[in-house]
Amino acid sequence: MSNECKGKNEKGGRSMKRLIQKAQRGNDQAFLKIFQHYEADLYRMAYVYVKNPDDALDVVQEVAYQAFKKIGMLREPQFLKTWLMKIAINCALDVMKKRQNVIHLKPEFEESIGSTETDYAITMTLADMMDSLHEDERSVVVLKYYQDYTFQQISDLLEWPIGTVKTTLYRAVDKLRREWKEADCYGS
Amino acid sequence: MDREMKRMLADIKIPSELHERSRQGVKRAKQEMRREPGFIRRRLMTVGIAAALLIPTGAFAYQSLLADELYGSFDEMKVHIVSATLEKYLLLDAKLNQAKGVLGEAEYEEFKQGLSVFTDTRIAYGNANGNVDYEAIPKAERLEVKQALSDLQPYFDQLNDQPAARDVLTADEYDAYIEALMREESIRVRAGEYVEDMPDELRQSYEEAIAIIREVDRKQQQN
């Protein structure tokens, strides 16, 4: 990394720290600036679980709400993203739990109020792949392959033993490989 | 796998209203926090009652606000405190009104008395944010303001519907708590608002003060 680049990164890190400190004192504008960096990732993370834009947006709104209320308790600002992810996973699981208690609309109604066609196509690809995974497996796959977390970080975030993280990931990857193989067969 | 996963997730379209939804979440949290006691106390005690005051312009000038009794003219306040907002002023005014209702007339007078010692010190010695370096003021005044703070804290606790710090702590612990509140503010005046910019010895002292304050918060919540 060049010195200039390093300097910029350090400066960026410092200004982020300042924003976090401001947010911890209740400054909502500072918090929103920070949150803006992560909201797209949080949305995608939520989407993997809830699989529709409306619920994923609800999750992000709830994460913003909970995180701003609790940011004063965040002791290690360098773990901010991990902390937000954790809140997002919990919120997404809550939405799913609630959804299980709701009687679903008939498919024809869902179509008329649901997402746009493009969204739907993406949902299908992703849902097909992810549907075969258990919620826990989904978390590990997304954190590992999309967020580039290490096993140790995933273990800290989900509060699981590191061995459990590894076996869950291997099991999930195995399932996904089989899915992809089948998809390839149909596709070709 | 890695690449596939990234591509797949990157394909999820980000809705245009995403940021607005984040904003709504924060807005709701902020509204609730205003009603929650813990936040009010921290703001009153450390960011500064004096910093919280101020500067209504024309439209409000005719109103007789309770806080006027404490601060005299706003022009005078403006000289000392520049980081003031109308919103914070009105918040304080509301708080004082609440104090009047909750505490009863006699107690309120006592509360206001203590508060005015506290804020007079800020007007006389406060920096641009209204914060005071208590180590840099005359000893007699430091003693007086410390006494005012010790006497005020139980009122804040009562207003915040929390057990009084004075009751959950021993006399020595309570003294250390008041000292910690003063030290935290003093260091911010000397070394700025940002912990990472503080010289090592001040940062250590600052963090010790914060640890004491948090411990007291924890004890109050447990009781």
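Mentor: Start with A:Glu159, which is exposed at a relative accessible area of 59%; exposed means over 50%, buried under 20% and partly exposed in between, with a 1.4 Å probe and protein chains only. The model is predicted, so to speak of local features requires pLDDT of at least 70, and side-chain atom pairs count only at pLDDT 80 or more, while totals for chains, interfaces and linings use all residues; side-chain values use heavy atoms, without hydrogens and water. Residues are numbered from 1 along each chain as its sequence is written, with chains lettered from A and ligands numbered from 1 in the order in which they are written.

A:Glu159 sits in the loop between helix 8 (151-158) and helix 9 (162-187) of chain A. Helices here are DSSP runs of H or I with at least four residues, strands are runs of E with at least two, and both are numbered from the N terminus. The phi of A:Glu159 is positive, about 55°, although the residue is not a glycine. Most residues other than glycine have a negative phi.

A:Lys51 is another non-glycine residue with a positive phi, of about 60°. A:Lys51 is placed in the loop between helix 2 and helix 3 of chain A, and with a relative accessible area of 23% it is partly exposed.

Over all chains, a search finds five aromatic pairs, a pair being Phe, Tyr or Trp rings (the six-membered one for Trp) with centres within 6.5 Å, stacked if the planes are under 30 degrees apart, edge-to-face if over 60 and tilted otherwise. One of them is the tilted pair A:Phe31 and A:Phe68, at 5.1 Å centre to centre and 55° between the planes. A:Phe31 belongs to helix 2 (residues 28-50) and A:Phe68 to helix 3 (residues 53-70) of chain A, so the pair ties together parts 37 residues apart in sequence. Both A:Phe31 and A:Phe68 are buried. With A:Phe35, these two form a cluster linked by ring pairs. A:Tyr43 and A:Tyr47 also make a tilted pair, with centres 5.9 Å apart and planes at 55°. These two tyrosines are four residues apart in helix 2 of chain A, about one helical turn, and both are buried.

Chain A also meets chain B: 43 residues of chain A are in contact with 35 of chain B, contact meaning heavy atoms within 4.5 Å. Between the two chains there are three salt bridges, each a side-chain nitrogen of Lys or Arg within 4 Å of a carboxyl oxygen of Asp or Glu. A:Glu62 and B:Arg28 form a salt bridge through their side chains, at 3.8 Å from N to O. On the side of chain B that touches chain A, the elements giving two or more residues are helix 1 (2-10) and helix 2 (18-35) of chain B. Helix 2 of chain B gives the most, with 13 residues.
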